[in-house]
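Morning, everyone. Please bring up the model on your screens. I'll take the ligand shell, then the sheet.

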Amino acid sequence: MNLNGYRFALRTRSFLEAHAADGTGMVELGSAPEPRLLVWHPETVGEIFRSEQQMVLEGSDTLGPLVGPHSLLFANGPRHAAYRKVVGTALRGHRLAAYHGTIRDAVDAALDGLVPGEVFCLPEWTRDLTLRIIGQIVLGHAGHETLGPFTRWVEYTLGSRPRTLAYRHLRVPGPLPSPWRTFRRRRTEIVHSLLEAARPATAAAGPSTLAARLSAGSEPLGPVGDEELSDQLVSLLFAGHETTASAIAWTLFWLHRDDRVRHDVQEELAATGDDGSAAERVPLLNAVCQEALRISPPATVAGNRTLTADRRIAGRPMPAGTRLTPCIALAHRNPEAYPHPWRFDPARFLDTRRSAQEYLPFGGGTRRCLGANLAMLEMRMVVAAVLRRHALRCLNPEAGVPNLRGPAMGPGPLRMAVGGCPRRAGTSGGTAAGTPMTRTEG
Ligand code: HEM
């Protein structure tokens, strides 16, 4: 790792801010013998996504120990392809309709719990909600006895930057107490309780849960042992709630800063009576979610790809072993693709299809997020339900700056006050659409 590599690892936000105007779209984070490049130039990102047969995905020091050595998030080759087939089929197309009821029930219950006058922490609320939804989809139930310890364990590991760094680097071997030992002990307990929770759900719920699909033993995956299964349960629960929670919190944050856009979305919802499940019936709400994912991408970077053979990328010769990391946050700040990139402007996504190399909140190529369609569905349905039911007022908008949680960026602890009827409330005191606003760090 070179100096840039250390800056990126330790001061990610200011590093990204400093490179936002760098037109080369590439910076070295490490040199020989371990070359590593952070890449955001659209053509180079596109080239990487198109060349993945000459790359393998690298594990991650931060997420690897959390999700386990067999995780589909870091699998390669035929095993990766098999996981994509089994999990991916359940998370796209008409099968997504099976989750509408799950999402609707979960958001209704969460909103029932908010009473006018109450103040709540938005990112915590969205994390709890999205974990319940993915708990239902993966395990067939969202019992607090299983998900409560899971969420506390993730919070213990990634809840603050110092804790993440401590768990990542202070791996004291042997019996001495350390964050690493605590982390390992808790992981063993969590994994045990997830397997216990998955077994009856698997038997009772038939092939409808992801746990059941994974343990069915059918091709192309074949039999999956307990250790491998538990890594997938942790991976899906983690990947399936953390980023979606940040995405929903960011969308609500931006909407509550922008009275005009919020009002227009409320008008759209009132006119259609829609719950947000069908993107084509709520084009503005869908564009709002897309723009929130652009301006505040929950995942700052896509996975690290390592070249398995020498090759030229962006006209430069690169040796085998070079690590290439597509940078989502910087790709989304490209002023040529997004004039005034710091401005929240959902109109950018109305009637415009963005290419996969300039808009990549879900990564791309053969590793593109398997839950992208589910995440967009959740975002629209949760935001629609919140806007219908409650007028929210943000008490500390200054907390709307990116906060690192592992490799993900969620907003800080935004406190929201629950108001009365949403259609009458002019709540936020925020900026109008299209006017410059406080620069939110990327
Ligand atoms: C707004 C919410 C989400 C965002 C921003 C997001 C983002 C990402 C990103 C950037 C990647 C890496 C892609 C790459 O390296 O090219 C990824 C992978 C993945 N995500 Fe998501 N994700 C979200 C929600 C979900 C949900 C709801 C699930 C449901 C289970 C999910 C499951 C996965 C899986 C399984 C992978 C690994 C794919 C592979 O390696 O083949 N994600 N996600």
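Which element gives the most to the shell around the ligand? Helix H13 does, with 3 residues. H13 covers 242-257. Keep in mind that this is a predicted model.

Now the whole shell. There are 24 residues around the ligand. Five of them come nearest: Gly240, Gly303, Gly363, Cys369 and Gly371. By element, two or more residues come from each of helix H12 (226-239), helix H13 and helix H17 (372-389).

Strands of a sheet pair through backbone hydrogen bonds, and the pairing can be parallel or antiparallel. Here, 5 strands form an open sheet with mixed pairing. Read across, the order is S1-S2-S8-S5-S3. Which strands sit at the edges? They are S1 (26-30) and S3 (55-57), and each pairs on one side only. From one strand to the next, the twist averages 30°.

S3 is joined to S5, residues 305-307, by 3 bridges. These two strands run antiparallel. Take Val56 as the example: its bridge partner in S5 is Thr306.

Last, a helix on the sheet. Helix H1, residues 3-10, packs there. H1 touches S1 and also strand S2 (36-39). How is H1 directed relative to S1? The two directions make an angle of about 95°.

That's my part. Over to you.

Note on methods: Residues are numbered from 1 along each chain as its sequence is written. This is a predicted model: local features need pLDDT of at least 70, side-chain atom pairs count only at pLDDT 80 or more; totals for chains, interfaces and linings use all residues. A residue is near a molecule or strand if its C-beta atom, placed from the backbone, lies within 6 Å of it. Helices (H or I, at least four residues) and strands (E, at least two) are DSSP runs, numbered from the N terminus. Two strands pair if DSSP finds at least two bridges between them. Axes are lines fitted to C-alpha atoms, for helices over the stretch in contact, and angles run from 0 to 180 degrees between N-to-C directions. Two residues are in contact if their C-beta atoms, placed from the backbone, lie within 7 Å.
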